[in-house]
Amino acid sequence: MSALPARPLTIGQTAAAPERAPERGRWLRPVPDPGRRAKPTLVYAIIAIAGVAAIVVAQLLLSIAITQGAYDIDHAQMQQTKLDRQEQQLREDLDRVQSPQYLAANAEALGMVPNANPVFLRLSDGKLSGDPVPAGTGAAASAPLVPNALIDGVPLVTEEPAGETPKQEVKPADRDEHTGAGGAAAVEKPAEPSVTDGLPTPATH
Amino acid sequence: MKRTSRHSMRRIIVSAVLLVVLVGVFVVKLVDIQVVRASALNAEAQDARSTPVKVWGARGDIVDANGTVLADSVMRYDIVVSPKQAKLAVAERKAAKSGSSQADVELTTEELVAGLTPAATELAPIIGLTPDQVIGVITSKLAENPDSDFAYVAKQVDIEAYDAVKALEIAWVYPKEHPSRTYPNGAVAGNLLGFVQADDGAPLAGLELAQDQCLAGTDGELSYLHSASDWVPIPGTEIVHKQAHDGGTLKLTIDADLQYFVQRVAEEQRRATGAKWATVTVMEAKTGRLIAVADVPTVDPNDPGATDADDRGSRTFTAPFEPGSTFKAITAASVLDAGKATPLDQIIAPYRYEPPNGADINDSAYHDDERLTLTGVLIESSNTGMSKFGERLTDRQRYEDMQKFHFGEPTEVGFPEEAPGDLHGDPDEWDNQTKYTTMFGQGMTTTAVQIASAYQTIANGGVRMPVSLVESCTTPDGKSTAKPAEGERVISEKAADETSQMLERVYAEGWLADTWNIPGYRVAAKTGTAQVADGNGGYLHGYLVSVSGFAPADDPEYVVSVSIMDPVKMNSSAASAPVFQKVMSQVLKKYRTVPSGAPAPDLPATW
């Protein structure tokens, strides 16, 4: 391929070179033995390729980890949504039973009446102001006076079969359907604490 | 040699040129895609692969002075069916049974109904319909539009129903969620809160409407890329197009427990007396804060349709009426403030008084001429006596005093459709009768809250505090709009104190003294039995009975004002007195107000 004229190769001749006249006709010299090829070139190639492969593999592993993370996140988010909905449902239930109308309805179902007759006891001298009379029992149901559509259809405390009041009449047949431990505990009256040395009194000034 | 090289050169140059041209074409195309059309192509790609998702901005809560939640935002679900898909599902099943392809199958109406029945039977009880109704929705929608993809079968169902519907796994039924409003305490403060439209949450009345700017949240929008098969969002691809903002929390000055009590008492009395409506206003005397405002019958915002349209608002703010004798306290305070009288000034109060300008004033019941002091005029609630004192001021002076009390203009609350009241125009335009009737609260109109505010002024030593119902609006970042209130002096402290003492005598010696007795406290109160204008220049047969007062009178803390409209079974102030007694007792008891030490000073009523 090369059409360039060959140049004389001078190997190993340093100090004597400028003094020698170029020999005519001796332009052409055989190409010197380049020596053994260095084995390390293969190693470099292997290292380079291995490095590239390692980078690719690492990237693959990272993206797999990220994608797995995405699935975990998605799973956790779905759980959170479900739990959020549960929480909201429970909060709505709680609001419903916390409403004053439900409280009043339960109180009246248990036989209580509202009392609008305040009587004040002045602690310094024990003086009563006001006329202490028992509250009238003829009061009409007060819960419907201030309606609350949210409690429509919600059973009152006295209507539920698993009542919380220990004095509630409980049929053994009903009890067997609910968990036995809870039923037994509700039927027994709680043991009354024993009172020795009188009731504890606060130290007042 | 040279010829070969030239040929080679030409080949080289030709191939180089070809290469350059090819590369150039690619470069131009690349530049076009990457630089020139980059954003448009990006948007297209994003649209094709990503899902826009609406992020709801929750509406703010309304809470009372103690933090009890009065109005809450919840998620509700509308159950939607796709009639087209339902029909396809039935057709597919028929095709699978008969072995033919689904496209060839023709369905008759009976087959469609029969095919839908199992799914409809499962679905219907969850949403409160019958299976026939569910099928009816589908068939009627298909009759209108065979390609219909959307039909509501149930609106506003709660989470239990939603979970149950999802569990059924019917392919052509899907729920759509949207935020809704719930009012945990029902009708408590329903008149003040107002309500929202069930479909889209638009506020319709009350504070929901007036404070919508504070309460409303803004919806946001974001989009993200997701995996095709299981819709998992790819991390790092979420783009927020619009940030969602939750609404702020609105804090009222109302106490929910007291509000419930007052509403209950008012409704009980309204039913017992057969009245059309009643209002009770409880205000703190020192701050002008409204701690309970009851309007019965009250709307339950969870179910506004259950009450009449007239009863769904708050008459305390929107219904002006002629106040009647409770206004005499304000006239007396004006006369005292101008120095034209003292509580012990003496006049003779006849049954009928005909002043020189031609008016004709008479008292409610016939009596002989009475020798009354100003205190006695208030105790006896004598119109003629009040006229004799009121005429010591000019009309303009009385009118300006009324304006100082902020009558004739809406209060600072700014309730929707709040009425300003009517002072019957300019005092120069008052006819001769009106000049006198305005002294005892007829011929002019006020709202219940204005009367309460006037009594608050008298109770607070003559300093009027702005009426407040909304304490603050707190955004989710914590910025609050609470402002301290500043009072203004309307009458001198001496005039206010003297008026207060006279009203204490009215309370102690008036004919209702036994009915409204609250032992242990000094109370000041005034009754009123006002005639109601019929809108045609005359008066109706019924009365508007009211009581306004404050306690404890030695250092007033609370003002209570009760008005009952047309109590047919008890057509006098005796209808409102028990309400006043119960409400005032409860307020004093609830806030542990110290009972009064000494009894009220004794002012003579007669001479």
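**Reading the terms of a predicted two-chain model**

Me: Which residues of α3(B) are called buried, and what makes them so?
Reply: In α3(B), the buried residues are B:P83, B:A86, B:K87 and B:V90. A residue is called buried because 20 or more other C-beta atoms, placed from the backbone, lie within 10 Å of its own; with 12 or fewer it is exposed, and in between partly exposed. They cover an arc of only 95° around the axis, so they lie on the same side of α3(B). That arc is taken from the directions from the helix axis to the C-beta atoms. This is a predicted model, in which local features need pLDDT of at least 70, side-chain atom pairs count only at pLDDT 80 or more, and totals for chains, interfaces and linings use all residues. Residues are numbered from 1 along each chain as its sequence is written, while chains are lettered from A and ligands numbered from 1 in the order in which they are written.

Me: What covers the buried residues of α3(B)?
Reply: The cover includes β3 (69–81), α4 (109–127), α5 (131–144) and β4 (151–157) of chain B.

Me: What span does helix α3 of chain B reach, and what is expected?
Reply: Helix α3 (residues 83–98) of chain B has 16 residues and reaches 23 Å from its first C-alpha to its last. Just after α3(B), B:G99 takes a positive phi of about 85°.

Me: Why is B:D422 called partly exposed?
Reply: B:D422 has 14 C-beta neighbours inside 10 Å and therefore counts as partly exposed. B:D422 lies in the loop between α15 (395–404) and α16 (432–437) of chain B.

Me: Which residues is B:D422 in contact with, leaving aside its neighbours within four places in sequence?
Reply: They are B:P320, B:G408, B:M444 and B:T445. Contact means that the C-beta atoms of two residues, placed from the backbone, lie within 7 Å. B:D422 and B:F321 are 101 residues apart in sequence and 9.2 Å apart in space, C-alpha to C-alpha.

Me: How many residues of chain A are in contact with chain B?
Reply: In chain A, 27 residues are in contact with 30 residues of chain B. On the side of chain A that touches chain B, α1(A) gives the most, with 12 residues.

Me: Which domains does the assignment give for chain B?
Reply: The assignment, automatic or from a database, gives domain 1 (55–249) and domain 2 (256–475 + 485–590). Their centres, taken over C-alpha atoms, are separated by 50 Å.

Definitions and conventions: Helix = DSSP H or I, 4+ residues; strand = E, 2+ residues; numbered from the N terminus. Expected span 1.5 Å × (residues − 1).
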